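Okay, thanks for having me, I'll keep this short. Let me put the thing up on the screen and then we'll walk through a few spots.

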Amino acid sequence: MNSFSQLLLRGLLPVTFALGTLPALAQSTEAAKPIAVNKRYENEIKALARNSAVKAAFKTILELEPQTLQDLITLTEIPAPPFKEEVRGRKYAEMLRAAGADSVWIDEVGNVLARRKGKNGSKTVVMEAHLDTVFPEGTDVKVKQRGDTLLAPGVGDDTRGLAMVLSVLKTLEKTGLETEADVLFIGTVGEEGLGDLRGVKHLFSEKGPKIDSYIAVDGTGIGTVTNRGLGSHRYRITFKGPGGHSSGAFGLANPHNALGRAIHYFAVAADQFTKEGIRTTYNVGVIGGGTSVNSIPFESWMEVDMRSESPERVEGIDKLLQAAVQRALQEENQMKRLGANLTVEVKLIGDRPAGGVDPGVALVQRSMAATRFLGTEPALRVGSTNSNIAFSKGIPAVTIGSGGKGGGAHALDEYWINDKAYLGAQRALLLLLAEAGMVKGKR
């Protein structure tokens with residue numbers, strides 16, 4: 001257990017949440033509370049904002065707004081269903097290259113990376129948004145525009161993030177701002193659902209680049225800073241048997257019976273487990289199997305999701321699921337009158353590690369200071385985002401919103417409103433310059 005987890009479990013860290021700002025991410029029911037920001041970092045952000053080159057960059061962000069909006073529409077209308085982000089990825093690489101990145105490439109799993117070299121390159125800072133959406137192949141992703149509102153599946157989560165990251169790179173290039181550190185602007189694959197963070201997991205593998213700080217852009221607005229990762233285990237559990245005619249083969253062990261028992265035993269135990277301690281959730285989200293009403297099924301399956309920001313709590317509820325499955329299997333096999341025993345396959349289909357960064361870490365403080373400078377009170381929160389992997393590796397990381405207002409995430413009626421969206425890019429620019437170190441003068 002890392003020191004952050006120990007403090008959290010002992011109740012020595014404040015838990016602060018914001019509601020309604022990042023609809024795509026899991027949220028708590030606790031109200032947001034004011035957070036102390038170290039004067040050192042507030043002064044650092046104020047000094048950056050007073051710099052004439054940064055003032056020019058803020059103006060450039062505003063001037064780029066029409067093009068940023070068009071980039072958002074262009075990318076949204078390129079489908080990026082789970083595990084099929086290639087076409088959008090190639091277009092994003094083209095956009096990053098045209099924006100002026102020093103080098104652009106697509107890695108083995110489909111992540112799009114653009115490096116902008118720093119003065120010394122002794123450190124590498126990432127700014128990233130994810131390419132994939134939750135919507136299956138064939139979904140109509142044509143953008144409909146009503147005033148300042150864009151409507152389309154995936155327009156906010158996380159295509160707006162991609163467009164904002166691109167605008168920050170364009171701004172740096174147009175104004176000639178130089179950083180001490182190298183900056184990687186990245187579009188990742190596999191953030192959603194069964195993608196299981198495969199893109200960012202690859203980035204932090206031995207095949208990935210050196211990364212010292214990680215800024216993920218996901219969700220909308222500018223009020224929240226995600227510094228804690230909501231860990232999760234996801235399983236597909238399949239009971240299997242010989243199957244047969246409902247009358248002629250009556251007495252065979254029935255996979256549906258076993259599945260029903262497993263759900264019941266798990267729900268009863270999990271209900272008690274989650275009534276106290278660090279917030280933990282569980283859900284049987286999908287079930288299936290069987291061929292007809294007069295056939296004993298040959299298989300019955302379910303997909304289960306369990307989450308908590310405490311690794312120990314995730315492990316604890318996981319054990320309850322495993323015990324429920326084995327109890328259900330044993331009881332159904334004991335009850336059968338003929339034929340072979342049922343078997344069960346328990347397949348882990350999602351593993352997002354929990355973790356977090358102390359609020360006092362420079363990256364978190366800079367995120368909050370930049371938020372406050374732009375007139376919004378910052379709120380720390382927990383979420384399930386690409387930052388989870390950085391948290392688990394002990395790398396400073398945050399997830400911030402992309403600006404504007406959004407709603408209907410993961411739904412066909414998703415929308416995004418250009419409500420002072422430029423503030424999202426301005427906050428991201430301030431944070432990036434503070435974390436990567438701004439060089440005086442121009443490139």
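So, the second largest cavity comes out at about 50 Å³. A cavity here is a set of points on a 1 Å grid over the protein atoms alone where a 1.4 Å probe fits but cannot get out, and the volume is the space filled by probe spheres set on points joined across faces, edges and corners.

Before I go on: this is a predicted model, local features need pLDDT of at least 70, side-chain atom pairs count only at pLDDT 80 or more, and totals for chains, interfaces and linings use all residues. Numbering runs from 1 along each chain as its sequence is written, and side-chain values use heavy atoms, with hydrogens and water left out.

Back to that cavity: what lines it? E65, T68, L69, L72, R160, W416 and N418 do, where lining means an atom within 4 Å of a point. Helix 4, residues 65-76, gives the most, with 4 residues; helices are DSSP runs of H or I, at least four residues, and strands are E runs of at least two, numbered from the N terminus.

Next, helix 10, residues 362-373. 9 of its 12 residues are buried, so the rest of the structure largely encloses it. Buried means under 20% relative accessible area, with a 1.4 Å probe and protein chains only. Among those buried residues are R366 and M368. After helix 10 comes G375, with a positive phi near 95°.

Last one: R313, in helix 9, is also buried, at 14%.

Definitions and conventions: Buried < 20%, exposed > 50% of the residue type's maximum accessible area, 1.4 Å probe, protein only. 1 Å grid on protein atoms, 1.4 Å probe; cavity = no way out; pocket = protein on both sides within 12 Å on 5 of 7 lines; lining within 4 Å. Expected span 1.5 Å × (residues − 1).
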